[in-house]
Amino acid sequence: MRGLDDFLAECDHGPRINGLAGFFAATAAGKSGMPIRKPVADARLLPSDELLRGLVSLHAARQGFFDQHYHGSIPYRLEEECRTAYAMLKYARDRGGPHSLYSLGTAEGTMARTLSELSEGQIRTLSCSPNAENYNCFMAYGEPPHADFFVGPFHHLTKDVLRSDPRLANFAHGFDIILEDTTFQMYSPNRVGQIEFVTQHLKQDGIFVFVEKLRATEEPDYRRREYQKDFGFKARYFPPDEIEKKQTLVLDTMFGNEVTLAQMADAIRQHFSYCSLTWNSGNFCSLAASNSEENLNRYLSQMATPAIPHEYVYETSLCPPLPVSVPAAQE
């Protein structure tokens, strides 16, 4: 990667591990930011399927402190996480053979650990977080046999680290799937550099899934979607003073590192030939990209209908689109 030293320095100065470090540590430890009730996936919005029911149940049993804060903060993010995990599990079973998943920035790695347990090791996972508090939650249910955890920011996980750590050496040949979950926006708006750095860990025919909070094309639209999130959903789990406190402490800082959907698509386009928008909730979107049209189509075909009420959906496709031969699952 050209300009690697500058990129690493940029990440080292990111808010996630500097100004916001205290917020993330306290929330991951359960000392602050806890919802008044634990979010529970709405089964009415998800397919009636035995495998999915087992996944939702195990996911709920493995959650730590930060996951409860996170899933109480973003409308129907919990349902989408289960839907994504369900698609990844079916995708791995459909392709056969062992698979590997790198989940960066996903707090205590609940989704990754759940996939490793349910697949009985067919999907081996690596989660990543700068917070030891998240690692403590990851280990709270015992050391999982097919899931690993790297304590450190995503830019500290280099190929040399993977090769030199005996626990992680199996991942040195690359991952079949990488999930970036609202991580990049905590460091900088440099999506091109961030995607380039992480893509070095992806197999040539692998799939990169992004979950991003994005700026709207029109500023009033962004604000309206934030109001909907805060007062139509988040108020179910947090009192007004907690919502306002997070807005001032975290979200205003994070906004400076967000990009638009068009800018995100342009950054993806520089690294991948195919991409599809798979989910939207207000200002949040999920996209799946790959240089293998066959693998991306196979993954998209495993996705159930998005488990979210239509009033939260504003984006349904990329414009201009990146080519992909099946329609986005958001229809």
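User: What makes threonine 182 count as buried?

Analyst: The model is predicted, with local features needing pLDDT of at least 70, side-chain atom pairs counting only at pLDDT 80 or more, and totals for chains, interfaces and linings using all residues. Residues are numbered from 1 along each chain as its sequence is written, and side-chain values use heavy atoms, leaving out hydrogens and water. Buried means under 20% relative accessible area, with exposed over 50% and partly exposed in between (1.4 Å probe, protein chains only). Threonine 182 has 12% relative accessibility, so it counts as buried. It is found in the loop between strand S4 (175-181) and helix H9 (191-199), and it has a positive phi of about 50° although it is not a glycine.

User: How do you know where a helix or strand begins and ends?

Analyst: They are DSSP runs, numbered from the N terminus: helices are H or I with at least four residues, and strands are E with at least two.

User: Why is alanine 107 called buried?

Analyst: Its relative accessibility is 9%, so alanine 107 counts as buried. Alanine 107 lies in the loop between strand S1 (99-104) and H6, and its phi is positive, about 50°, although it is not a glycine.

User: Why is H3 called oblique to H6?

Analyst: The axes of helix H3 (residues 50-62) and helix H6 (residues 110-118) come within 9 Å and cross at roughly 130°. That angle makes H3 oblique to H6. Here, axes are lines fitted to C-alpha atoms, for helices over the stretch in contact, and angles run from 0 to 180 degrees between N-to-C directions. Under 35 degrees counts as roughly parallel, over 145 as roughly antiparallel, 65 to 115 as roughly perpendicular, and the rest as oblique.

User: Which residues of H3 and H6 make the contact?

Analyst: Contact means heavy atoms within 4.5 Å. On H3 the residues are Gly54, Leu55, Leu58, His59 and Arg62; on H6 they are Thr110, Met111, Arg113, Thr114, Glu117 and Leu118.

User: What joins S6 to S7?

Analyst: Two strands pair if DSSP finds at least two bridges between them. Seven bridges join S6 to S7, and the strands run antiparallel. One example is tryptophan 279, whose bridge partner in S7 is serine 286. S6 and S7 form a hairpin with two residues between them, and glycine 282 in the turn has a positive phi of about 60°.

User: What makes S6 mostly covered?

Analyst: Eight of its eight residues are buried.
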